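Open the structure in your viewer and keep the selection tool at hand. The stops below say what to select next and what is there.

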Amino acid sequence: MITREEVQHIAKLARLQLTDQEIMAYQKELSIVLEYFDILKEARVEGVVPMTHSVDLAGVTRDDTAKECENADELLKAAPSTSGRFLRAHSAIQRL
Amino acid sequence: MTNFFGITRVREGLLTKEFSAREIASEALRKAGESNAKYNSYISISEELALSLADALDEKIKKGEHLPALAGVPVSIKDALLVKGERCTAGSLMLEDYTAPYDATAVAKIKEAGAVIIGKTNMDEFAMGGSNENSAYGPVKNPRSPERVPGGSSGGSAASVADESAVFSLGSDTGGSIRQPASFCGVTGLKPTYGAVSRHGLIAMASSLDQIGPLARTVEDAEAVFRVISGKDEHDATSMEYNPEENGQELKPLRIGVPKEYFGEGLASAVKKVIEQALERLAKSGAVLLEVELPSTAYALAAYYMINTSEISSNLSRYDGARYGYSAQGQDLFSSYAATRGKGFGNEVKRRIILGTYALSAGYYDAYYVKAQKIRSLIKRDFDRAFEKVDIIAGPVSPVVPFKIGEKVSDPLAMYLVDMYTVPANLAGLPAISVPAGTAEGLPAGLHMIAPAFRENLLFAAGKILQNMQY
C-alpha cells in the first residue's frame, strides 16, 4: 500500500494541490493500480533494448533560420497575465 | 431535406445542384443542436465558421471551379484539435476559455479539401478515459443506447457520426480512443500508423502514442479522409511522407492472423460470438484464418499505462497558469502552480499525473518505466513475427459491450482494463481499425484489425469486405 506521505510527496513533485479527500482516494486507487503493475516484474526482458518510440527516427533536423512568428500577438493574448510583451509570473528566485 | 449522409452523396448533390453547401451546413447544424440536447455530444457548435466555409464553397461552385475531395461535407472535430478562432477545451476546465490561435495540420487539410466544420465534440478530459465520463462538460450518452457510455475518449466524435449530425469526425487515439468509441457507437474508426498523420495542433497527451484519425459511417469515407489528412508536415518531426498507392497491393487471399491471446480471460461471451462470426464471414469471402501467437500481450496493458502516465506527467507540466489557460494565484511561484493545477485538472488527469510522476521518480524509474519500454520492444517483436505469416491480425476491439453510465467510474483499474486489446497497436505504432461487426446483447461491437506499419490499405480492403457482407 502506498502511504499518505508518498502521495503528498509525489503531489509536491508534480505541483498539484490536493485536498485531504483526494489524497485518501488516490492512496487507495493508486495502490490497486500499482499492484496490477506488478505483473511487469514477471516479464523476462534480459538483453531487450528499451523502445522509446515506434518510428525509427534519429536526429530530425532543419535549417537554423529565423522566421517571423505570425501569431505572436494572439499567443500573448492567451496568457493570463502579461507585462508588455512578457508573461508575468512569480519570481523563481528568492531574494536574500 | 434529403439525407446527405456520405462523402460521395454530398458531392453528387452539390454537382447536380440538388442542394447547396449552405443548405447542407444548416441542416447539419440543426442536427448537431438536436444531438447535443439528446446526447451532449458537442462542447461547442461553430455556426458562424460552418456557414462561412459553406458560403465560400457555394461561391466556388457558382464559378464552376473544381470541387475538392471533401467539398461541403459536414464534419465534427474532437475538442483536442485546434480550429483557429474556435474555443478548444480538451474537455478540461483548464482550457475553458482557451481560443485556438491556429489550425491543427489535419484540420487545415480538411478545410482545404472543402469540409465544413460544424462543431467541437465532447471528450474525456485531455483524452484520458474510455467512457467520456471524465469530461468537465458532462458525460456523452451513446445514441444507440442512451443510458450507456459512447466509449472514449473520442466519445462525442463517435456519437456525432452515429446520430448523423456529422458525416465524419476527426478524433485522436492514444490507447484506443478512436476505435473503442467507434465500436461502442456502431461506426468505423481508424487509428493510422504512428507518423502517418501530423500531430501538430493536437493537444498532447502521450506523444509517443497519440495519433489523429477519422471516425465515419463507412470504411470508404474513413479511407477518403485518411487520404486527405496523411503526409509529412514540417511542424511534426515524427510525421512521414505517405503515398497509399505505393504501399503495396491488396493481397489475395488475405491471410488473417487470429491470436488466441485476444480471446482469453476477460472477454465477454456475447462479444466473442460476434467476433467469431465476423471472422467466419471473412473466411467465407475467401480470406484465410491462421492462428498466431502474441505472447507478450499479457504485459501490454501495464506497460501501456506506465508509459502513458509517464509521458502525461511530463507533457502536462505546460499547464502552469502563466502561459495560457486557467490560472489561480498563490503567494509564490510554487503555490500558484499547485493551486492552478490542483483546481484546473479533473480527477483522472491528476490521478495519471501522480501515477506517472511516481513511475519516473528516483528508485522506481528502472523497475517501472524502463521495464515498460523493454516490454514495448517485446510487443513490437511479437507483431513483427506474426506479420511474417499473416497480412493482418484480427480480434475484438473491446472485451465488453458498452457499459452503463456510472458503472465503472469508481474503479479506475476496471476502466483501464477495457483498453486491453487496443493498446498494443499504439505501443507498436501500427495502424488499426474498428469496423462494425454486429451486435452483442443488442449493442454494437466492432471487429478490430491491425496491419503492419503504413499498410492501412489492407485494413480498408478487409473492412470493406466485412461491411458489405452484412448490409
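Which residue forms a salt bridge with B:D384? Select B:D384 and B:K380: the two form a salt bridge, and their closest N and O atoms are 3.5 Å apart. Keep in mind throughout that this is a predicted model.

**Stop 1: a pair within one helix**

Stay with B:D384 and B:K380. Both belong to helix α12 of chain B, where they sit four residues apart, about one turn of the helix. B:D384 has a relative accessibility of 40%, so it counts as partly exposed. B:K380 is partly exposed too, with a relative accessible area of 24%. Side chains of opposite charge can pair when their charged atoms come close.

**Stop 2**

Now select B:R255 and B:D391. These residues form a salt bridge in which the closest N and O atoms are 2.9 Å apart. B:R255 is in strand β7 (residues 255-259) of chain B, while B:D391 is in the loop between α12 (365-386) and β9 (392-396), so the pair ties together parts that are 136 residues apart in sequence. Are the two partners buried or exposed? B:R255, at 32% relative accessibility, counts as partly exposed. B:D391 is buried, with a relative accessible area of 4%; the cut-off for buried is under 20%.

**Stop 3: a pair between chains**

Select A:E74 and B:K84. Here a salt bridge is formed with the closest N and O atoms 3.7 Å apart. A:E74 lies in helix α4 (residues 72-77) of chain A, and B:K84 lies in the loop between β2 (74-78) and α4 (105-112) of chain B, so this pair joins two chains. A:E74 is partly exposed at 33% relative accessibility, and B:K84 is partly exposed with a relative accessible area of 42%. Over all chains, the count of salt bridges comes to 27.

**Stop 4: helix α9 of chain B**

Select residues 297-315 of chain B, which make up helix α9. How far apart are its end C-alpha atoms? They are 27 Å apart, which agrees with the 27 Å that 19 residues should span at 1.5 Å a residue. Of those 19 residues, 17 are buried, so the helix is largely enclosed by the rest of the structure.

**Stop 5: a side chain and a backbone oxygen**

Go on to B:T340, which is in helix α10 (residues 333-344) of chain B. B:T340 is buried, with a relative accessible area of 0%.

**Stop 6: backbone exceptions**

Most residues other than glycine have a negative phi, and most peptide bonds are trans. The next selections depart from that pattern.

- Select B:N40, in the loop between α2 (21-39) and β1 (42-45) of chain B. Its phi is near 60°, a positive value in a residue other than glycine. At 23% relative accessibility, B:N40 counts as partly exposed.
- Select B:E164, in the loop between α5 and β4 (168-173) of chain B. Its phi is near 65°, again a positive value in a residue other than glycine. B:E164 counts as partly exposed at 23% relative accessibility.
- Select B:G152 and B:S153, which are joined by a cis peptide bond with omega about 10°. B:S153 lies in the loop between β3 (116-121) and α5 (155-162) of chain B.

**Stop 7: the largest pocket**

Select A:R62, A:K67, B:H200, B:E234 and B:H235. Of the 19 residues that line the largest pocket, these lie nearest its centre. The pocket holds about 830 Å³ of space. What classes of residue make up its lining? There are four nonpolar, five polar and 10 charged residues.

**Stop 8: enclosed cavities**

The whole structure has five cavities of 30 Å³ or more. Select B:G129, B:G175, B:S177, B:Y304 and B:D419, which are the closest to its centre among the 15 residues that line it. By class, that lining has five nonpolar, eight polar and two charged residues.

End at the second largest cavity, with about 60 Å³ of space. Select some of its lining residues, including B:A80, B:M123, B:F126 and B:D210. This lining has seven nonpolar, two polar and one charged residues.

Definitions and conventions:
Residues are numbered from 1 along each chain as its sequence is written. Chains are lettered from A and ligands numbered from 1 in the order in which they are written. This is a predicted model: local features need pLDDT of at least 70, side-chain atom pairs count only at pLDDT 80 or more; totals for chains, interfaces and linings use all residues. Side-chain values use heavy atoms; hydrogens and water are left out. The expected span of a helix is 1.5 Å times one less than its number of residues. Buried means under 20% relative accessible area, exposed over 50%, partly exposed in between (1.4 Å probe, protein chains only). On a 1 Å grid over the protein atoms alone, a cavity is a set of points where a 1.4 Å probe fits but cannot get out, and a pocket is an open set with protein on both sides within 12 Å along at least five of seven lines; lining residues have an atom within 4 Å of a point. Grid points are joined across faces, edges and corners, and a volume is the space filled by probe spheres set on the points. Ala, Val, Leu, Ile, Met, Phe, Trp, Tyr, Cys and Pro count as nonpolar, Asp, Glu, Lys and Arg as charged, and the others, Gly among them, as polar. A salt bridge is a side-chain nitrogen of Lys or Arg within 4 Å of a carboxyl oxygen of Asp or Glu.
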